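Work through the exercises below with the model open. Try each task before reading its solution.

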Amino acid sequence: EIPSADYDSQLISHYKVAKSSLFPGQVFLSYYHILEYFFLRVADEELFQAAKSQLNDPEFKATYEKVTKLLASVKRHDNTSDEKKMLQSVLRKYVEEQEYIDFVKDLEKRSNFDVVTEKNQKVFGEKFTVKLEEGHALSNTANLLKHIRNSLVHSSDRYSRQDCYQPFSESEEVVARYIPIIQFMAEKVIFSTAE
């Protein structure tokens, strides 16, 4: 079927790689690239809105106090050095949290396994708990996805070797466990940004 929307061709390229790859790490990273594609755009929009709301206030004057308040707001919203916050912002902008919660509940029901909501799940050396509650589900998941991405990209000796990602090992199963989650996120971003 020909879709009625026009999807971003760069995003679709990453999506095609994800759908065609046999390697869970590559699949995960290709979906992650779709989310990452909007990091700076969303950060810029948040910064713009924060500055705009103050500058358009009729009481705004170029006084020391007002300019200091504006600069503090700009610093607070400039999260381009924190990729975890940038990922959270992208997910908050393009993914409906309740829809995500419903997706996870259905996924876990179908698999008879707590894919995401298992308490203190250990993933590549760190423990994560994802609360399926409004205000928590997306940010908790963003932290988990960012950690998996870092584990795939960086060969760090921060953890013991058995806690690090190793291709062609049991760690591929750990990555594969979260592919439905990141695929859901990537598809929502693709659909939300289509023309």
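**Exercise 1.** Find which residues glutamine 88 is in contact with, leaving aside its neighbours within four places in sequence. Then decide whether glutamine 88 is buried or exposed.

*Solution.* 
- Step 1. This is a predicted model. Start in helix α5, where glutamine 88 is found.
- Step 2. Set aside the neighbours within four places in sequence; the contacts are then Ser139, Ala142 and Asn143.
- Step 3. Glutamine 88 and serine 139 are 51 residues apart in sequence. In space their C-alpha atoms are 5.5 Å apart.
- Step 4. Check the accessibility. Glutamine 88 has a relative accessible area of 14%. Buried means under 20%, so glutamine 88 is buried.

**Exercise 2.** Locate glutamate 172 and say whether this residue is buried or exposed. Then list what glutamate 172 touches, not counting residues up to four places away in sequence.

*Solution.* 
- Step 1. Glutamate 172 lies in helix α8, which covers residues 171–177.
- Step 2. The relative accessible area of glutamate 172 is 10%. The limit for buried is under 20%, so glutamate 172 is buried.
- Step 3. Not counting residues up to four places away in sequence, glutamate 172 touches Pro24, Gly25, Tyr165, Gln166 and Pro167.

**Exercise 3.** Describe how α1 and α9 pack. Which residues make the contact?

*Solution.* 
- Step 1. Read the geometry. The angle between α1 and α9 is about 155°, and their axes are 11 Å apart.
- Step 2. Angles over 145 degrees count as roughly antiparallel, so α1 is roughly antiparallel to α9.
- Step 3. The crossing of these two helices, α1 and α9, is left-handed.
- Step 4. From α1, the contact uses Leu11, Ile12, Tyr15 and Lys19. From α9, it uses Gln183, Glu187 and Ile190.
- Step 5. Sort the residues of the contact of α1 with α9: four are nonpolar, one is polar and two are charged.

**Exercise 4.** In the largest nonpolar core, which residues touch the most other members? Which helix supplies the largest share?

*Solution.* 
- Step 1. The largest nonpolar core has 48 residues. Phe28, Tyr31, Tyr100, Ile148 and Met185 touch the most other members.
- Step 2. Trace the sources. Helices that each supply at least two residues of this core include α2 (24–36), α6 (97–111) and α7 (137–153).
- Step 3. The largest share of this core comes from α9, with eight residues.
- Step 4. Zoom in on phenylalanine 28. Not counting residues up to four places away in sequence, phenylalanine 28 touches Leu145, Ile148, Arg149, Leu152, Val175, Tyr178 and Ile182.

Definitions and conventions: Residues numbered from 1 in each chain as written. Predicted model: local features only at pLDDT ≥ 70, side-chain atom pairs only at ≥ 80, totals over all residues. Heavy atoms only, no water. Core = buried A, V, L, I, M, F, W, Y, C linked by side-chain atoms within 4.5 Å. Buried < 20%, exposed > 50% of the residue type's maximum accessible area, 1.4 Å probe, protein only. Helix = DSSP H or I, 4+ residues; strand = E, 2+ residues; numbered from the N terminus. Contact = heavy atoms within 4.5 Å. Axes fitted to C-alpha atoms, helices over the stretch in contact; angles between N-to-C directions. Parallel < 35°, antiparallel > 145°, perpendicular 65-115°, else oblique. Left-handed = near helix turned anticlockwise from the far one by under 90°. Nonpolar A, V, L, I, M, F, W, Y, C, P; charged D, E, K, R; others polar.
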